[in-house]
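Dear colleague,

I am handing over the structure below for your review. A summary of the findings follows it.

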Amino acid sequence: MMIRVIGAGVAGLTCAYEFARAGETVEIVERAAAPGLGCSFHAGGMISPWCEEESAEPFIVEGGREALAYWTQTLPAATVQGTLVVVPPRDRPDLVRFARLTTNHERLDAARIKALEPDLAGRFDEALFYSQEAHLDPRAAMAMLVARLREFPSVSFRFNTDAETLTDAVDWTVDCRGYAAHDALKDLRGVKGEMLVLATHEIALHRPVRMLHPRHPVYVVPRGDGRFMVGATMIENEERRRITARSMLELLSAVYAIHPAFGEAEIIETGSDLRPAFSDNLPRLRLADRTLYVNGLFRHGFLLAPALARRAAAIILRGEHFPEVMDADPRERQRA
Ligand SMILES: Cc1cc2nc3c(=O)[nH]c(=O)nc-3n(C[C@H](O)[C@H](O)[C@H](O)COP(=O)(O)OP(=O)(O)OC[C@H]3O[C@@H](n4cnc5c(N)ncnc54)[C@H](O)[C@@H]3O)c2cc1C
C-alpha cells in the first residue's frame with residue numbers, strides 16, 4: 001500500500017514511522033526545505049503527563065504515558081530527570097492547588113530542592129517533584145526520527161513540495177499539516193506560542209523547572225551546553241511570526257524570578273508559531289474519503305504524537321476505531 005504523509009512535523013514523522021514499521025510504502029511530502037521546521041521546531045519538549053493533569057483531559061495523561069515509553073525506549077531521545085514545579089513564596093496557594101489537581105509527585109522542602117538543583121538553593125521554600133517525567137530536545141528527536149525513517153528502503157522524502165500541487169494517486173493520505181490544514185478542518189484554530197533560547201554558564205539545571213504564576217507561568221528546559229529554552233506564551237491570536245516586546249518582557253521577568261543569573265544570559269533565539277488546536281484543545285483523527293487528518297496537537301505535540309500515530313496506523317491498516325479521538329461529538333469522546 002502506498003501512503004502519503006503530508007507534513008514532516010512531529011505528527012507526520014511519527015505517523016510515517018508507524019507505517020514504515022508495518023512494512024508499508026511511505027512518501028513524506030514537506031513544503032519546507034527540511035523536516036521539523038514548523039510548529040514542532042519551537043516546542044519545549046517536556047514529556048510531563050502528570051503535570052498536565054492540572055488542566056488536561058484523561059486522554060492527554062494516557063497519551064503522555066505512552067509517549068514516555070516511546071521517547072525512552074522505541075526512540076530514545078528523552079532523559080528521565082523529572083520535573084520541578086516551584087512558586088514564589090507569596091503564591092504558595094498556587095502550589096497547593098497544583099498539587100491537588102495532579103498526581104505522582106512528592107513535596108520537596110528547601111533542603112531537597114538544593115540536593116536536586118544546587119543552583120536553586122535558597123530560592124524556593126517548597127516545590128513539587130514529578131520524578132517520572134522526561135524531557136527531550138525536539139529538534140534532536142525529529143532528526144533521530146528522520147534518520148530511522150531513512151533506514152527503510154520503502155520510505156521517501158519530498159522537500160520543497162507543496163502537497164496541493166501533487167496530482168498522482170496514492171492509496172491513503174495522512175494529512176499532518178498542523179495549522180495549515182485549517183483550510184480543510186474549519187474548526188481548527190491557531191494558539192500562538194512564543195519562546196526564547198538563552199545561553200549562560202552561570203547556572204546549571206538538570207531538569208525542566210516550571211514556575212507557577214497566576215498571569216505569567218513559565219518553564220525553563222535545559223538543552224545542555226549552557227542553553228535553556230524558555231516558554232511559552234499562549235495567546236488566542238493567529239499572527240504567527242512575531243514575538244512581541246510584552247511577551248519577551250514577561251518571559252524574561254518570569255525566568256529572572258527563577259534565578260537572577262538568567263538576567264546576564266545571552267538571548268540566542270526567539271521564536272513563535274501557532275499551535276494547532278480544536279475548540280476543546282483535544283486532538284482529532286478525522287477520516288474523509290481516503291484521507292486521515294491527524295491534527296489538534298495543541299501544546300502536546302511530543303506528548304501525544306506517539307499515541308496518535310499508533311492509532312492512525314491501526315485505523316488505516318486494520319480499520320480500528322478510537323472514539324476518544326475520532327468522534328465529532330465531545331460527549332462521545334468523554335464517555336470513551
Ligand atoms: C512555543 C511552543 C512551545 C511548545 N512546547 C511544547 C512542549 O513542551 N511539549 C509538547 O509536547 N508540545 C509543545 N508545543 C506544541 C507542539 O509544538 C505542537 O503541538 C506540534 O509541533 C504540532 O505538530 P504538527 O506536526 O501537527 O505541526 P507542525 O510541526 O507545524 O508540522 C506541520 C508541517 O506540515 C508542513 N506543511 C504545511 N502545509 C503543507 C503543504 N501544503 N504541503 C506540504 N507540507 C506542508 C509544514 O511545513 C510543517 O513542517 C509547543 C508549541 C509552541 C509554539
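A salt bridge is taken here as a side-chain nitrogen of Lys or Arg within 4 Å of a carboxyl oxygen of Asp or Glu. This is a predicted model, in which local features need pLDDT of at least 70 and side-chain atom pairs count only at pLDDT 80 or more, while totals for chains, interfaces and linings use all residues. Residues are numbered from 1 along each chain as its sequence is written, and side-chain values use heavy atoms, with hydrogens and water left out.

Salt bridges

By this rule there are 27 salt bridges. One of them joins R4 and D168, whose closest N and O atoms are 2.9 Å apart. This pair links distant parts of the chain, 164 residues apart: R4 belongs to strand β1 (residues 2-6), and D168 to the loop between β9 (155-158) and β10 (172-175). Helices (H or I, at least four residues) and strands (E, at least two) are DSSP runs, numbered from the N terminus. R4 is buried, at 5% relative accessible area, whereas D168 is partly exposed at 41%; buried means under 20%, exposed over 50% and partly exposed in between (1.4 Å probe, protein chains only). A network of salt bridges links R4, E27, R158 and D168.

E126 forms a salt bridge with R92, with 2.5 Å between the closest N and O atoms. Because E126 lies in strand β7 (residues 126-130) and R92 in helix α3 (residues 92-101), the pair ties together parts 34 residues apart in sequence. E126 also forms a salt bridge with R107, at 3.0 Å. R107 lies in strand β6 (residues 106-109), so this pair ties together parts 19 residues apart in sequence.

Helix α5

Helix α5 (residues 138-150) has 13 residues and spans 18 Å from its first C-alpha to its last, close to the 18 Å expected at 1.5 Å a residue (1.5 Å times one less than the number of residues). P138, A141, M142, L145, V146 and L149 are buried in α5. Seen down the helix axis, the buried residues of α5 fall within an arc of 140 degrees, so they line one face; the arc is that of the directions from the axis to the C-beta atoms.

An open sheet

Three strands form an open sheet in the order β3-β8-β4, with antiparallel pairing; two strands pair if DSSP finds at least two bridges between them. β3 (46-47) and β4 (78-79) stand at the edges with a single partner strand each, so one side of each has no neighbour in the sheet.

Yours sincerely
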